Amino acid sequence: MEKTKRGWLNGGFGVLIFAGSLPATRVAVADFNPLFLTCARATIAALLGLALLRLLRQPRPTPTDVPALAVTALGVVVGFPLLTALALQHVTSAHSIVFLGLLPLCTAIFAVLRGGERPRPAFWVFSALGSTFVAGYAAMGGITASLQGDLLMLAATVLCGLGYAEGARLSRRLGGWQVICWALALALPVMLLGTLLSLPASVAQVSGPAWLGLAYVSLFSMLIGFVFWYRGLAQGGIAAVGQLQLMQPFIGLGLAALLLHEQVQWMMLVTTLGGVLCVAGAKKYAQ
């Protein structure tokens, strides 16, 4: 029970950090192209992660761990950051945040497929109901606003759920922060090359907020947030703690309104509120 409580606490810290990712990305893509932002944030985080691994003298993963690390990197290091950066060229961060309500269901599905977890049937009712709120919002007008942006966000969500579940499964053996550091290190050669090839023509034209956005997604979204998140998923259960992601839209919408002065429609609030109310039910039947 104590381990489960720690899992929910660590997972909560991770969600709080991740909630700032999309607003920060929205600010950064105003001056950086999506490819550079994706590669640069991963490169910066990977260099910090490698320094941490070396400083603490962590053993290298075994060859059998490499495929799982590659899947983790594909989902959370490359796929989600790149697709969301592309999507945010077409939709607002407030709009895209609502799509993150689908993440708990995606994570839970991959927790069964990859993590071997078996939630009770009632769990799926609550989890699916929370995601239905999100899908209902999209069908009521979100998709018609930008089909391309919404499809990119949907693809990003699926890849992210896969990366969360795969990384959490591996964290049970390697440790949470070690998994994200090794996944970043595995992707470093490609990300570094991408960074160099997509450098801005002139950094003098990049605004201060864009640099701050890059710093946030590099340090917090790509590294520190995962330290808490993977530890929480491993301790409290991937499917169960994964439902905390339904809190992320609330926090993200508030940040979008506060920092970016974006309009938050009442329907967005209703959608996220309905999703969050499903967390308690899903948590009860997760095990």
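Author: Let's start with bends. The bend at a residue is the angle between two axes, one fitted to the seven residues ending there and the other to the seven starting there. This is a predicted model, and in it helix α4 has a kink of about 40 degrees at G79, shortly before the proline P81.

Reader: What is the span of α4 from its first C-alpha to its last, and what is expected?

Author: Helix α4 covers residues 66-87 and reaches 30 Å, close to the 32 Å expected for its 22 residues.

Reader: What makes F226 and Y230 a tilted pair?

Author: F226 and Y230 sit 5.3 Å centre to centre with 40 degrees between the planes, so tilted it is. Both belong to helix α10 (residues 208-236), four residues apart, about one turn. Together with F18, Y164 and W229, they form one aromatic cluster.

Reader: Why is F226 called buried?

Author: Buried means under 20% relative accessible area. F226 has 3%, so it counts as buried. Y230 has 0%, so that residue is buried too.

Reader: And S171, how do you know whether it's buried or exposed?

Author: The cut-off again is 20%; S171 has 6%, so it's buried. This serine is in helix α8 (residues 147-174). Leaving aside neighbours within four places in sequence, S171 is in contact with G176, V179, Y230 and A234.

Conventions. Residues numbered from 1 in each chain as written. Predicted model: local features only at pLDDT ≥ 70, side-chain atom pairs only at ≥ 80, totals over all residues. Heavy atoms only, no water. Helix = DSSP H or I, 4+ residues; strand = E, 2+ residues; numbered from the N terminus. Buried < 20%, exposed > 50% of the residue type's maximum accessible area, 1.4 Å probe, protein only. Contact = heavy atoms within 4.5 Å. Expected span 1.5 Å × (residues − 1). Phe/Tyr/Trp six-rings, centres within 6.5 Å; stacked < 30°, edge-to-face > 60°.
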